[in-house]
There are 2 protein chains.
Amino acid sequence: MTSLNKITDFRRPVAINLANRTAASACDDCGARRHGLCDALSDDEVGFLFRAAQRQTLPAGTVFIEEGEPAAYFYNVNSGNVRLFKSLPDGRRQITGFAGPGHFLGLAATEKNVFSAETMEPVRLCRFSRAAMLSMFAEYPILERKLLDVAMHELVISQQQMLLLGRKTAIERIASFLLSWAERQDVCASGALPKPHSSLTLPLSRTDLADYLGLTIETVSRSLSNLKREGLIEIPNIHEVVLLRPQALSDIAEAAV
Amino acid sequence: MTSLNKITDFRRPVAINLANRTAASACDDCGARRHGLCDALSDDEVGFLFRAAQRQTLPAGTVFIEEGEPAAYFYNVNSGNVRLFKSLPDGRRQITGFAGPGHFLGLAATEKNVFSAETMEPVRLCRFSRAAMLSMFAEYPILERKLLDVAMHELVISQQQMLLLGRKTAIERIASFLLSWAERQDVCASGALPKPHSSLTLPLSRTDLADYLGLTIETVSRSLSNLKREGLIEIPNIHEVVLLRPQALSDIAEAAV
DNA sequence: CGTGACATTGACTAGTATCAACCAAAGTGG
DNA sequence: CCACTTTGGTTGATACTAGTCAATGTCACG
């Protein structure tokens with residue numbers, strides 16, 4: 001079914017040497033194989049990507065895209081989480097989003113990067129040069145279609161976030177975040193509320209949360225404490241939150257009247 | 001300017017096709033013919049679009065896309081300006097952007113509209129059904145690529161706006177807005193500041209401005225007054241602002257240290 | 001067991017929202 | 001043509017949310 005022989009006949013580009021693995025099997029082990037761009041592709045198509053990509057493994061806290069620098073590469077996250085952000089000269093920071101396995105980075109890139117990206121934990125990713133992207137588009141137009149889908153989805157998220165940042169109160173922002181994060185984690189049915197007592201893991205620090213929601217860490221902490229005091233959530237530990245009354249959270253998040 | 005410039009170059013020699021003369025000449029008069037999607041197309045291609053489109057003329061204040069309603073159509077603005085926004089049940093509103101001639105609407109659409117659109121003045125637009133869009137994509141894949149560019153540019157804008165809404169003070173938001181609006185108006189070289197005394201027209205009410213910048217009309221008014229008092233701007237009348245010291249405005253907008 | 005990083009809580013402040021008065025321009029109708 | 005109303009904008013007084021500054025708490029780690 002797949003033309004593995006042909007694929008492995010070709011010489012691989014530099015990057016990390018994956019020794020005696022074939023492209024397809026290497027990608028099979030990848031956290032992104034069934035997500036995002038790669039999910040749109042067949043095994044031999046993904047093999048093409050594999051050969052076009054340079055694979056990288058980065059330690060936590062690495063800034064691998066820097067706002068203002070020439071935008072040389074596109075990235076696809078294989079494992080680990082990444083924060084995307086913009087900064088002001090005086091240090092104020094706004095996190096514009098998070099990217100996990102399968103997420104494609106570089107959509108909002110012009111000649112210069114317009115945002116920065118930093119690993120939140122050890123991260124593996126595939127890196128593509130501009131030229132590689134070109135040839136991939138030429139070879140597999142479906143990628144373009146897929147990227148358009150991704151971009152449109154990003155736009156939807158962005159607009160939600162603009163509403164949150166521009167018009168919601170602190171407690172509403174926290175409630176909104178908890179619900180959206182639960183959805184992201186559960187991949188539950190669209191629109192459905194997470195079931196009560198569903199526990200979610202926050203790989204984010206309070207600082208990240210604050211910079212994502214346009215608040216300070218103190219306000220984030222206080223808001224979470226309020227929700228706890230009101231019995232809407234439980235906080236077993238710093239990186240875990242249990243949603244006790246998702247409906248009540250939703251009422252707060254959407255400012256139900 | 002737009003993101004994938006190097007990848008997507010749509011300029012083509014203009015070829016007059018007699019078969020589509022009607023369409024081509026009709027579109028020639030259109031404010032959008034040399035912008036956005038239509039700019040990517042030759043005359044006969046645009047003729048195809050012309051036949052696929054339903055043309056509408058709407059009075060000021062018409063909400064023609066409503067958040068939550070089934071997303072049946074895509075739109076291309078021909079003349080006039082449109083505001084895009086999201087609302088909370090209690091009436092709070094966040095304007096997520098404005099669309100003028102040549103702007104394509106519907107990028108952030110899933111099955112349901114995720115935002116609303118309202119005409120700010122009399123508006124003419126081309127309306128496409130979902131089916132029409134699909135057939136257009138099939139016929140002219142270049143459209144998809146162009147849409148990707150548009151979407152990517154929108155993403156860049158969105159991220160800037162998130163930084164503004166999440167982290168900037170009132171006065172910084174106003175300064176940022178004035179500069180970006182001047183750029184939009186002048187279509188000046190990227191990064192260049194508008195020259196002093198360049199006058200800009202704001203077709204927006206203070207309410208629109210407030211809902212776009214995540215402020216109240218009072219704060220907008222006060223911030224403008226402050227800038228006037230400090231001699232950075234002049235306000236000949238409600239809908240006109242003269243930038244006296246763009247550099248000073250820029251220092252405020254970007255929080256220069 | 002001490003140290004440092006991160007989180008929570010408290011006291012106070014600042015910036016923006018709210019409420020209200022006032023103003024100017026643009027209708028509207030006698 | 002001129003009062004009267006309406007609409008949108010500005011300005012002032014006050015309230016309140018979230019920010020700032022500071023002390024305390026918690027946990028992981030050497």
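**How the contacts get their names**

Colleague: Why is the link between Arg167(A) and Asp211(B) called a salt bridge?

Modeller: In this predicted model, the closest N and O atoms of Arg167(A) and Asp211(B) are 2.8 Å apart. The cut-off is 4 Å, between a side-chain nitrogen of Lys or Arg and a carboxyl oxygen of Asp or Glu. The pair is within it, so the name salt bridge applies. Across the interface of chain B and chain A, the rule finds six salt bridges.

Colleague: Which elements give two or more residues to the side of chain B that touches chain A?

Modeller: They are β4 (82-87), β5 (93-99), α5 (141-167) and α7 (206-213) of chain B. α5(B) gives the most, with 18 residues. By class, this side of chain B has 24 nonpolar, 12 polar and 13 charged residues.

Colleague: What makes Glu218(A) a polar contact of DNA strand D?

Modeller: An N or O atom in the side chain of Glu218(A) is 3.0 Å from a base nitrogen of DNA strand D. A polar contact needs N or O atoms within 3.5 Å, so this pair counts.

Colleague: How many residues surround DNA strand D?

Modeller: 15 residues do, and Arg222(A) and Arg222(B) are among the closest.

Conventions:
Residues numbered from 1 in each chain as written. Chains lettered and ligands numbered in written order. Predicted model: local features only at pLDDT ≥ 70, side-chain atom pairs only at ≥ 80, totals over all residues. Heavy atoms only, no water. Near = heavy atom within 4 Å. Polar contact = N/O pair within 3.5 Å; in protein donor to acceptor, adjacent residues only side chain to side chain. Helix = DSSP H or I, 4+ residues; strand = E, 2+ residues; numbered from the N terminus. Nonpolar A, V, L, I, M, F, W, Y, C, P; charged D, E, K, R; others polar.
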